[in-house]
Amino acid sequence: MRRTGFIHAAACFCLTAAISLGSAFSSTDLTGKNKIYAEESDSSYFKLSLNEPADVDYSEDGSCIDMYINNPGGESNGGKDKWDVQISRGVFPVIKGHTYAVTYNISSSKAGYYYSKIGNLDAKTVGAANSGEIWHNQSGITTITSYVEGLLKNNAKVDYSAGWSLQEISAGDTICAKSFFTSSEDLPEAEWVFFLGGDGQYTPTGCFTAGTSLEFTNMQIKDLTDDNVIVQYGVDEDQELLSLGNLDSNGKIDMTDLTILCQYVIGDCQLNRLQKLLADVNYDGKLDVADVAQLKLQLFGNE
């Protein structure tokens, strides 16, 4: 992993430091932890946040986030927990009943763990969103590919409760993750966060140790219901984006998708978990002739 163009960031005086390249700094208290956050003037970048004594070298250029962990924080180092090192992106709304796709690639030079979540800024429970988390660690319908270990999950159903566990990554590995979930609650002000820090009450193992290099690319959150990209960072412009109704995952909705849906409704073919999620084009929780009619209307209008 490259280590050029880094900014050195270290938490001090019990504050949290945050960096967004090309942005000025301002002070605000979003969660009662007295944080310094970069201004939201450039929302295309993720923000780095540190709690004392965490210390990292950090670089991002709009296509890739590079990090080198000098000190991960955590109780063993006089810090708190896994959130002593984190990157985040916000603020955006999450809408109840809407289906979302979350994708990202993470590479690590050393074996470790990480925790990713989408939740509200104040981390307060909202209905079924415990601690404000509407999604975490690949909950929903998930595919995970490891360059070291191959296909780990293939359109597997990951329960919300199972998402509290850390995601493991091997030394020298790159994990490509894609998850689909339907939001159970409205979150007017949500953020996407990766916890990467040390050990603590909630993270006995810690996430990453000192001397670990991390790289993030291909980061995206898409609202499939509205066909709207909410967060996008380091994504190839030629990448195929999934949408409701795109059952063959070729990046476009056409007669092939309508044929597949018709065949499923009359019982002539089977759909996998991902296809069933994408086939519910009227998002009523059922797959029937109403979805066929909606997809036909989407393709041909009122002809």
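The N-terminal end of helix α3 is capped by Asp-288, a side-chain oxygen of which lies 3.0 Å from the backbone nitrogen of Ala-290. The model is a predicted one, in which local features need pLDDT of at least 70 and side-chain atom pairs count only at pLDDT 80 or more, whereas totals for chains, interfaces and linings use all residues. Residues are numbered from 1 along each chain as its sequence is written, and side-chain values use heavy atoms, with hydrogens and water left out.

Helices (H or I, at least four residues) and strands (E, at least two) are DSSP runs numbered from the N terminus. Helix α3 comprises twelve residues, 289-300, and at 1.5 Å a residue should span 16 Å, in agreement with the 16 Å between its end C-alpha atoms; the expected span is 1.5 Å times one less than the number of residues. Within α3, Asp-291, Val-292 and Leu-295 are buried. These three residues cover an arc of only 100° around the axis, which places them on the same side of α3; the arc is that of the directions from the helix axis to the C-beta atoms. An α-helix has 3.6 residues a turn, so residues three or four places apart point the same way. The buried residues of α3 pack against α1 (255-265) and α2 (273-279), contact being defined as heavy atoms within 4.5 Å. Gly-301, with a positive phi near 70°, follows α3.

Two salt bridges are present in the structure, the criterion being a side-chain nitrogen of Lys or Arg within 4 Å of a carboxyl oxygen of Asp or Glu. In one of these, Lys-117 pairs with Glu-133, with the closest N and O atoms 3.9 Å apart. This pair links distant parts of the chain, 16 residues apart: Lys-117 belongs to strand β10 (residues 112-120) and Glu-133 to strand β11 (residues 133-136). Buried denotes under 20% relative accessible area, exposed over 50%, and partly exposed in between (1.4 Å probe, protein chains only). Lys-117 counts as buried at 10% relative accessibility, and Glu-133 is buried at 6%. Lys-222 forms a salt bridge with Asp-227, the closest N and O atoms being 3.0 Å apart. Here Lys-222 is buried, at 5% relative accessibility, while Asp-227 is partly exposed, at 47%.

A nonpolar core is a set of buried Ala, Val, Leu, Ile, Met, Phe, Trp, Tyr and Cys residues joined through side-chain atoms within 4.5 Å. The largest such core contains 41 residues, and those with the most contacts inside it are Met-67, Ile-87, Ile-118, Trp-192, Phe-216 and Met-219. Another core, of 18 residues, lies apart from it and includes Phe-180, Leu-258, Leu-261 and Ala-279.

Methods
A polar contact is a pair of N or O atoms within 3.5 Å; within protein, one must be able to donate a hydrogen and the other to accept it, and residues adjacent in sequence count only if both atoms are side-chain atoms.
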